[in-house]
Amino acid sequence: MSPCCLRAIVSGKVQGVGYRRATQEQALQRGVTGHAKNLPDGRVEVILCGPADAVAELSEWLWQGPSGARVTHVSLETLAQYHAPGHFATF
């Protein structure tokens, strides 16, 4: 499968529960780059770039998150002209 990039906005109890760090660990296991960032409104923005199958698998995992998370919604958007980063960052 060819590489792709997605932007996910994750809603629910996703801040203060290790969501960004767990997402980073899952991304590193799958060879996916991007970032996970807290948004001021309590949601988390996640950028995922890599092989389409790995990105799809990780985008499904976003609905689960770490054990303390309670995800209520994940919106996905394909980023057609996005420059994939060389690593996965949290901030």
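Which side chains meet in a salt bridge at 3.7 Å, N to O? In this predicted model, the side chains of Glu77 and Arg7 do so, a salt bridge being a side-chain nitrogen of Lys or Arg within 4 Å of a carboxyl oxygen of Asp or Glu. Glu77 lies in strand 4 (residues 70-78) and Arg7 in strand 1 (residues 3-13), so this pair ties together parts that are 70 residues apart in sequence. Residues are numbered from 1 along each chain as its sequence is written. The model being predicted, local features need pLDDT of at least 70 and side-chain atom pairs count only at pLDDT 80 or more, while totals for chains, interfaces and linings use all residues, and side-chain values use heavy atoms, with hydrogens and water left out.

The protein chain contains two helices and five strands, helices (H or I, at least four residues) and strands (E, at least two) being DSSP runs numbered from the N terminus. Their order from the N terminus is β-α-β-β-α-β-β. The radius of gyration, taken over C-alpha atoms, is 12 Å, close to the 12 Å that the globule rule gives for 91 residues, so the chain is as compact as a globular protein of that length. The globule rule is 2.2 Å times the number of residues to the power 0.38. Along the principal axes, the C-alpha atoms fill a box of roughly 35 × 25 × 20 Å. Of the 91 residues, 46% count as buried; buried denotes under 20% relative accessible area, exposed over 50%, and partly exposed in between (1.4 Å probe, protein chains only). The chain exposes about 4900 Å², of which carbon and sulfur atoms supply 51%; accessible areas come from the Shrake-Rupley method with a 1.4 Å probe, and for residues only the protein chains shown count as cover. Among contacts (heavy atoms within 4.5 Å) between residues at least 6 apart in sequence, 77% join residues at least 24 apart.

Strand 3 (44-51) pairs with two other strands, pairing requiring that DSSP find at least two bridges between the strands. Strands 2 and 3 form a hairpin with five residues between them, and Gly42 in the turn has a positive phi of about 100°. Seven of the eight residues of strand 3 are buried, so this strand is largely enclosed by the rest of the structure.

The largest nonpolar core holds 22 residues, among which Val10, Tyr19, Val32, Val46, Leu48 and Leu62 touch the most other members. Such a core is a set of buried Ala, Val, Leu, Ile, Met, Phe, Trp, Tyr and Cys residues joined through side-chain atoms within 4.5 Å. Two or more core residues come from each of strand 1, helix 1, strand 3, helix 2 and strand 4, and helix 2 gives the largest share, four residues. In soluble globular proteins, nonpolar side chains tend to be buried together. Beyond its neighbours within four places in sequence, Val46 is in contact with Leu6, Arg7, Ala8, Val10, Thr23, His35, Ala36, Leu62 and Phe88. Thr23, in helix 1, is buried at 0% relative accessibility. Not counting residues up to four places away in sequence, Thr23 touches Val46, Trp61, Leu62 and Phe88.

Ile9 lies in strand 1 and is buried, with a relative accessible area of 7%. Leaving aside neighbours within four places in sequence, the contacts of Ile9 are Leu39, Arg43, Val44, Glu45, His73, Val74 and Ser75. The C-alpha atoms of Ile9 and Leu62, 53 residues apart along the chain, are separated by 9.5 Å.

A search of the whole structure finds five salt bridges. Glu57 lies in helix 2 (residues 52-61) and Arg30 in helix 1 (residues 19-30), so the pair ties together parts 27 residues apart in sequence. Glu57 is partly exposed, with a relative accessible area of 47%. Arg43 forms a salt bridge with Asp41, the closest N and O atoms being 2.8 Å apart; Arg43 is partly exposed, at 32%. Salt bridges that share partners join Arg7, Lys37, Glu45 and Glu77 into one network.
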